[in-house]
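My notes follow in the order I looked things up.

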Amino acid sequence: MSDCAELSYLLADHVRGRLAGEPSTRVTEHLEGCPTCRATARALTLVRQASEGGGSDLWPRLSARRAAAEPDGAVVVSFPPLTWQAAAALAAVVLVLVVAGDVRLVALALGTL
Amino acid sequence: MAWTREATDESLLTAYCAGDGAAFETLFRRYQAPLCRHLERMLADRAAAEDLVIETFYRLDRHRDRFRTGARVRPWVYTIANNLARNRRRRDRLVRWLPLGRTEPDPPPTGREDAGEIRRRVASALDALPPRQREACSLRLLGELDLEEIAQVTGTSVGTVKSRLFYGQRRLRELLADFDPGGRR
């Protein structure tokens, strides 16, 4: 395997500053002599740069979400059991809608189930 | 109890399961930024990414009794998050297809002009990657997962992950080659 392919998996750690010791030395030395990998590392740095900052603290929202849940974590919304009569009625509705030609309406109906 | 940076994710979750609420907060704060960055890249929507970060940890909390000693927390967190993101994308595709009047993704947060331009160019480059390469690159670079963890989250082999990363990074290099934020091109 070429050095480029072998070291490419370390470039993400390199741009995050997480490499140390021998792997770090290998990557640094390789980058000095390889413009292609330097360009890759530069692209990965841009990706990191684009994702930095702007983050808000989400802990209060998670706390509120957990507080709003049932104490035992049970799901609040429940559906009645689907009997064969209900299934047949649903199938009939879908069939009518399909025959009527409004496929998007069928998708909407299915999407809300 | 105050938890140090050296505490492992697994020890934090174990402590939380034993009743230490502070351990869960420490675990969440450790993950919220990288997880949000990854989800934002997957969804191209900051607000939706934040919602899913919260939902991921809400589900982790609800199902914490499934955590087993010896298991790793990070792949579990990212598996939950990736499944939620996948469902969200399906729902968004349906909503876009249906005539319901919605919607473009929220614009990225604005900052300095350079920062905004970098965000736009990078988002555009990542969007141009095949989905599986984008997922692998995002998990590696923004989620900060190692190769084995990415393989676990995506249900593939390490070899496949390496391949996706290699080609994904190469494509990013090509797409961003002519972009020089300092050069104002």
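In what order do the elements of chain A run from the N terminus on? I read them off as α-α-α-α-α-α-α. A caution before going on: this is a predicted model.

**Entry 1: chain A overall**

I counted seven helices and zero strands in chain A. Of its 113 residues, 28% are buried. I then looked at contacts in chain A between residues at least 6 apart in sequence, and 34% of them join residues at least 24 apart. The accessible surface of chain A is about 7,100 Å². Carbon and sulfur atoms account for 63% of that surface.

**Entry 2: chain B overall**

Chain B has eight helices and zero strands. Along the sequence I read α-α-α-α-α-α-α-α. Chain B has 185 residues, and 48% of them count as buried. For contacts in chain B between residues at least 6 apart in sequence, I noted that 60% join residues at least 24 apart. I put the accessible surface of chain B at about 9,300 Å², with 48% belonging to carbon and sulfur atoms.

**Entry 3: α2 against α3 in chain B**

Next I took helix α2 of chain B, residues 21-43, and helix α3 of chain B, residues 46-62. Their axes come within 8 Å and cross at roughly 140°. That angle makes α2(B) oblique to α3(B). I had to check the cut-off here, because roughly antiparallel needs an angle over 145 degrees. The crossing of α2(B) and α3(B) is right-handed.

Which residues make the contact? From α2(B) I listed Phe24(B), Leu27(B), Phe28(B), Tyr31(B), Gln32(B), Leu35(B), Cys36(B), Leu39(B), Glu40(B) and Leu43(B). The α3(B) side includes Ala48(B), Leu52(B), Val53(B), Phe57(B) and Leu60(B). By class, the residues of this contact of α2(B) with α3(B) are 14 nonpolar, two polar and four charged.

**Entry 4: the loop between α2 and α3**

I stopped at Ala44(B), which lies in the loop between α2 and α3 of chain B. Its phi is near 55°, a positive value in a residue other than glycine. Ala44(B) has a relative accessible area of 34%, so I marked it as partly exposed.

**Entry 5: Leu60(B)**

Leu60(B) sits in helix α3 of chain B. Is Leu60(B) buried or exposed? It counts as buried, because its relative accessibility is 1%. Not counting residues up to four places away in sequence, Leu60(B) touches Phe24(B), Leu27(B), Trp76(B), Val77(B) and Ile80(B). Phe24(B) and Leu27(B) had already come up on the α2(B) side of the helix contact. I also looked at Leu94(B), 34 residues from Leu60(B) along the chain. The C-alpha atoms of the two are separated by 27 Å.

**Entry 6: α3(B) against chain A**

I then turned to helix α5 of chain A, residues 59-68, and its packing with α3(B). The angle is about 50°, and the axes are 10 Å apart. The two helices are therefore oblique to each other. α5(A) passes α3(B) in a right-handed crossing. Arg61(A), Leu62(A), Arg65(A) and Arg66(A) make the contact from α5(A). From α3(B) I listed Glu50(B), Asp51(B), Ile54(B), Glu55(B), Phe57(B), Tyr58(B) and Asp61(B). What classes do the residues of this contact of α5(A) with α3(B) fall into? I noted four nonpolar, no polar and seven charged residues.

**Entry 7: Thr40(A)**

Thr40(A) is in helix α4 of chain A, residues 35-51. I marked Thr40(A) as buried because its relative accessibility is 4%. Leaving out residues up to four places away in sequence, Thr40(A) touches Leu11(A), Gln169(B) and Arg173(B).

**Entry 8: α6 against α8 in chain B**

Helix α6 of chain B covers residues 131-141 and helix α8 of chain B covers residues 158-176. They pack at about 90°, with axes 8 Å apart. That makes α6(B) roughly perpendicular to α8(B). The residues of the contact of α6(B) with α8(B) divide into five nonpolar, three polar and three charged.

Note on methods. Residues numbered from 1 in each chain as written. Chains lettered and ligands numbered in written order. Predicted model: local features only at pLDDT ≥ 70, side-chain atom pairs only at ≥ 80, totals over all residues. Heavy atoms only, no water. Helix = DSSP H or I, 4+ residues; strand = E, 2+ residues; numbered from the N terminus. Buried < 20%, exposed > 50% of the residue type's maximum accessible area, 1.4 Å probe, protein only. Contact = heavy atoms within 4.5 Å. Areas by Shrake-Rupley, 256 points an atom, 1.4 Å probe, with all protein chains shown as cover. Axes fitted to C-alpha atoms, helices over the stretch in contact; angles between N-to-C directions. Parallel < 35°, antiparallel > 145°, perpendicular 65-115°, else oblique. Left-handed = near helix turned anticlockwise from the far one by under 90°. Nonpolar A, V, L, I, M, F, W, Y, C, P; charged D, E, K, R; others polar.
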